[in-house]
Amino acid sequence: MNQNDLLNVRHATLDEARTDMLSALDKRLKNHSLEAALYNDPHMFRIDMEEVFQKEWLFVGMTSEIPKKGDYFTVEVGQNPVLVLRDADGNINAFHNTCRHRGSIICSEHRGKVANLVCPYHQWTYDLKGKLLFAGTEMNENFDKTQHGLKPAHCKNAGGFIFVCLGETAPNDQFDEFLASLDEYMEPYDVENTKLAAESTMYERANWKLVLENNRECYHCAGSHPELLNTLLEWDDTNDPRAPQDFLDHYTAQAAKWDAEGIPHQHKSFGSSQRNRMVRMPLKKNTKVMTMDGSAACQKMLGRVKNPELGSMRILHLPNSWNHMQSDHFIVFRVLPVSAQESIVTTKWFVHKDAVEGVDYEPEKLRHVWDATNEQDKVLGERNQLGINSIGYQSGPYSETYEFGIINFLEWYANTIKKNLVAR
């Protein structure tokens with residue numbers, strides 16, 4: 001069998017996998033977990049990468065991570081290295097981090113600062129807008145530098161959040177409306193005047209959908225997250241059907257204080273199955289932020305915030321991010337798939353840019369609760385994956401009251417996969 005025959009076999013196998021995936025998603029029970037193959041099969045995983053992570057908007061980082069021209073960070077979306085940087089005009093751009101000469105990675109560090117982008121292989125040089133400046137004298141006289149700039153990725157930012165899309169065309173699905181509200185809801189925090197205070201990267205032996213499913217419910221919280229429940233009220237949002245009257249009264253009292261300060265808090269959702277959602281939720285009474293004792297994590301509050309009991313503004317972006325915005329710091333979470341049964345979860349903590357470590361905040365106090373919670377969720381996710389891999393696994397029912405967030409997520413996932421596969 002020659003190389004072309006091998007490629008044809010592989011493509012036939014993927015085509016069969018696409019057909020199988022469409023069939024599985026069409027037949028799935030709406031309020032049940034997925035078939036095992038959708039959580040553990042390499043072919044299904046490749047389809048996830050092609051139809052979700054290479055076509056949909058992804059959260060990658062915050063604008064305050066790259067505050068000055070030439071500042072950059074890199075991110076890996078499967079086998080696609082991406083470079084995000086701020087240019088000389090202050091704009092944020094995203095490029096495929098691969099040289100137009102022979103494809104080498106250009107920036108290999110996780111973050112850094114450059115005057116220009118220089119490929120370390122043969123020194124081809126690009127400016128901060130991706131324009132090719134230098135390709136050496138070895139190229140022939142007909143070589144056109146203007147045709148060999150870096151390949152851009154779609155990039156948008158709002159409220160300090162940076163999103164990229166690797167597809168040829170970027171979907172909308174009310175995305176621009178979400179960005180407009182994100183600007184409004186993040187305005188009090190003045191993200192441009194914050195800084196990265198701590199970061200963790202956690203490798204989890206679980207499919208990316210299991211990571212998201214675990215995040216989308218607090219059914220497991222009482223049995224697994226004692227640190228988190230020191231401050232967190234488990235209700236998902238103000239529309240949570242389980243929410244008791246004392247919570248609703250607490251919310252109403254807190255909301256009056258937020259209104260007096262001009263702090264947005266109403267639930268908003270955008271796109272199919274609440275793909276993008278934001279809502280401000282109070283924490284437990286007499287607690288300020290998500291620390292072990294509920295006391296302040298940083299002595300400098302963010303932006304124009306005056307009320308330390310601002311609760312947590314929860315921001316969801318499918319397929320790969322959830323976030324908690326509080327009075328003196330905020331936390332962002334990013335999930336990126338590695339393989340059918342491996343994911344990387346990155347957590348970042350931000351504080352006021354003038355806050356001094358050891359004086360205004362202690363990193364250990366800042367991150368204690370979510371370090372513990374992330375580790376607990378990792379164990380839960382990996383156990384979930386092991387059970388799904390068993391020949392004894394079959395899809396099970398979700399609780400419509402406790403796990404409606406998962407139902408929404410899988411509805412979005414199934415519709416997105418089917419939409420993109422049909423459009424191929």
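Where is the place of Asn-420? In this predicted model, in which residues are numbered from 1 along each chain as its sequence is written, Asn-420 has its place in helix H9, helices (H or I, at least four residues) and strands (E, at least two) being DSSP runs numbered from the N terminus. Local features were considered at pLDDT of at least 70 and side-chain atom pairs at pLDDT 80 or more, whereas totals for chains, interfaces and linings use all residues; side-chain values use heavy atoms, with hydrogens and water left out.

Asn-420 is buried, with a relative accessible area of 8%, where buried means under 20% relative accessible area, exposed over 50% and partly exposed in between (1.4 Å probe, protein chains only). When residues up to four places away in sequence are not counted, Asn-420 touches Glu-51, Lys-55 and Glu-56, a contact being defined by heavy atoms within 4.5 Å.

Leu-179, which lies in helix H4 (residues 175–186), is likewise buried, with a relative accessible area of 8%. With residues up to four places away in sequence again left out, Leu-179 touches Lys-156, Ala-158 and Phe-163. Ala-260 stands 81 residues from Leu-179 along the chain, and the C-alpha atoms of Leu-179 and Ala-260 are separated by 24 Å.

A search of the whole structure finds two cavities of 30 Å³ or more. A cavity is here a set of points, on a 1 Å grid over the protein atoms alone, where a 1.4 Å probe fits but cannot get out, and lining residues have an atom within 4 Å of a point; grid points are joined across faces, edges and corners, and a volume is the space filled by probe spheres set on the points.

The largest cavity holds about 430 Å³ of space. It is lined by 34 residues, of which Asn-215, Arg-216, Glu-217, His-324 and Trp-370 are the closest to its centre. Two or more lining residues are given by each of strand E11 (194–204), helix H5 (208–215), strand E14 (312–317), strand E15 (321–325), helix H8 (363–388) and helix H9 (404–422), and H8 provides the largest share, four residues. By class, this lining divides into 15 nonpolar, nine polar and ten charged residues, with Ala, Val, Leu, Ile, Met, Phe, Trp, Tyr, Cys and Pro counted as nonpolar, Asp, Glu, Lys and Arg as charged, and the others, Gly among them, as polar.

The second largest cavity has a volume of about 40 Å³. Its lining consists of His-250, Gln-254, Leu-283, Lys-284, Lys-285, Asn-286, Thr-287, Glu-309 and Gly-311, and comprises one nonpolar, five polar and three charged residues.

Note on methods. 1 Å grid on protein atoms, 1.4 Å probe; cavity = no way out; pocket = protein on both sides within 12 Å on 5 of 7 lines; lining within 4 Å.
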